[in-house]
Amino acid sequence: MSSNTLSLAGAQRLFCILTIWLMIPLAAHAQAGDAMKALNQPGPPFHIIGNIYYVGASDITSYLIVTPEGDILLDGGFVETAPQIEANIQTLGFRLADVKFLLNTHAHLDHAGGIAEMRRATGAKFVAMDGDAPVLSSGTSFPVVVPDRVIHDSDTVTVGGVTMTAHLTPGHTPGCTTWTMVTQDGGRPYNVVFVGSATVLPNYKLIDRADAKATYPGIESDYEKTFRVLKSLPCDVFLAAHGTFYSLTQKREAMSKNPTQNPFIDPAGYQAYIVRAETVFQTELQKERAGQ
Ligand SMILES: [Zn+2]
């Protein structure tokens with residue numbers, strides 16, 4: 001699909017901007033604000049499937065999982081996204097105080113920047129993977145948010161009969177997490193995958209080197225583990241940390257035109273995403289090995 005190719009190219013440009021953003025001090029971030037706005041456009045929240053609702057921005061995603069005993073919020077966006085998420089939850093008729101757990105895909109400022117505010121607004125417990133806990137707790141590029149519970153690979157979070165499982169998919173960050181759950185819709189279960197990220201940012205070095213400032217020892221085998229894990233997960237409903245990974249805009253439009261078919265049920269799109277991401281990773285690795 002050509003729109004996929006276009007959105008991927010757009011995503012790569014934005015990741016470049018993000019990388020620069022991550023490397024500059026907090027005080028200088030205002031200058032990069034315009035570039036961030038493209039990812040962070042407000043939009044109406046909507047029902048995705050079963051008990052899962054979209055409450056994020058145009059590309060920076062955030063999901064509300066609703067249960068009779070309290071809700072789960074996955075990702076807090078940028079600092080600037082948090083007020084949008086709060087408004088979106090309330091627009092859908094849900095209460096901020098019903099959010100019991102805050103989860104995170106990974107400790108980058110576009111997914112963890114708003115978590116401190118979301119915790120303040122909801123009083124929810126923040127759950128984070130051990131590999132990302134030090135960055136979350138240090139506040140290097142976004143407001144400090146010390147996890148209430150530090151989890152490990154395959155740990156779960158359960159509320160109101162809904163269990164979310166944390167799969168360690170490292171490389172993009174040491175604790176990058178892909179969350180899975182089962183949702184019921186129209187009388188049948190669906191396996192849902194919320195992909196953390198398998199993107200290789202432009203300043204990443206995949207082979208261990210002394211000058212690899214943006215990365216960490218073992219990153220190459222971590223990415224390889226991530227692709228193995230992603231391929232092993234059963235997926236009916238494909239969601240992720242960025243809308244561009246799964247053609248959020250196109251699917252949202254398709255669903256509003258034809259509500260009888262849910263485009264977010266997309267197992268083939270999930271497999272295609274893994275192939276695209278792994279191809280980029282392998283290409284970058286070959287370039288580094290060739291000394292380019
Ligand atoms: Zn990221």
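**Overview: the whole chain.** The chain exposes about 12400 Å², and carbon and sulfur atoms supply 57% of that (Shrake-Rupley method, 1.4 Å probe; for residues, only the protein chains shown count as cover). This is a predicted model, where local features need pLDDT of at least 70 and side-chain atom pairs count only at pLDDT 80 or more, while totals for chains, interfaces and linings use all residues. Residues are numbered from 1 along each chain as its sequence is written, and side-chain values use heavy atoms, with hydrogens and water left out. You'll find 9 helices and 12 strands here; helices (H or I, at least four residues) and strands (E, at least two) are DSSP runs, numbered from the N terminus. Of the 292 residues, 54% count as buried, meaning under 20% relative accessible area, with exposed set at over 50% and partly exposed in between (1.4 Å probe, protein chains only). Take the contacts (heavy atoms within 4.5 Å) with a separation of 6 or more: residues 24 or more positions apart account for 62% of them.

View 1: His106 (NE2), His108 (ND1) and His172 (NE2) are the protein donors, lying 2.2 Å from the zinc ion. Donors here are N, O and S atoms within 2.8 Å of the metal (3.2 Å for Na, K and Ca); water is not among the atoms, so the site may look incomplete. Along the chain the donors follow the spacing H-x1-H-x63-H. Histidine 106 and histidine 108 are both buried.

View 2: Strands E8 and E9 pair in the antiparallel sense over 4 bridges; two strands pair if DSSP finds at least two bridges between them. Valine 157 stands opposite methionine 164 in E9. The hairpin has 2 residues between the strands, and glycine 160 takes a positive phi near 55°. Threonine 169 is buried, with a relative accessible area of 1%. Leaving aside neighbours within four places in sequence, its contacts include Cys176, Ser197, Thr226 and Leu230.

**View 3: strand E5 beside E4.** Because 4 of its 5 residues are buried, E5 (residues 99–103) is largely enclosed by the rest of the structure. Strand E4 (residues 71–74) runs parallel to E5, joined by 4 bridges. Isoleucine 72 has phenylalanine 101 in E5 as its bridge partner.

**View 4: helix H8 and what it packs on.** Leu248, Lys251 and Met255 are buried in H8 (residues 248–257). Seen down the helix axis, the buried residues fall within an arc of 70° (taken from the directions from the axis to the C-beta atoms), so they line one face of H8. On the other side, Ser256 and Lys257 are exposed. The buried residues pack against strands E1 (46–49), E2 (52–54) and E12 (237–240).

**View 5: the nonpolar cores.** Phe194, Leu239 and Tyr246 touch the most other members of the largest nonpolar core, which has 55 residues. Such a core is a set of buried Ala, Val, Leu, Ile, Met, Phe, Trp, Tyr and Cys residues joined through side-chain atoms within 4.5 Å. Helix H9 (residues 267–289) gives the most to this core, with 6 residues. Apart from it lies another core, of 28 residues, among them Ile60, Ile115, Ala124 and Leu136.
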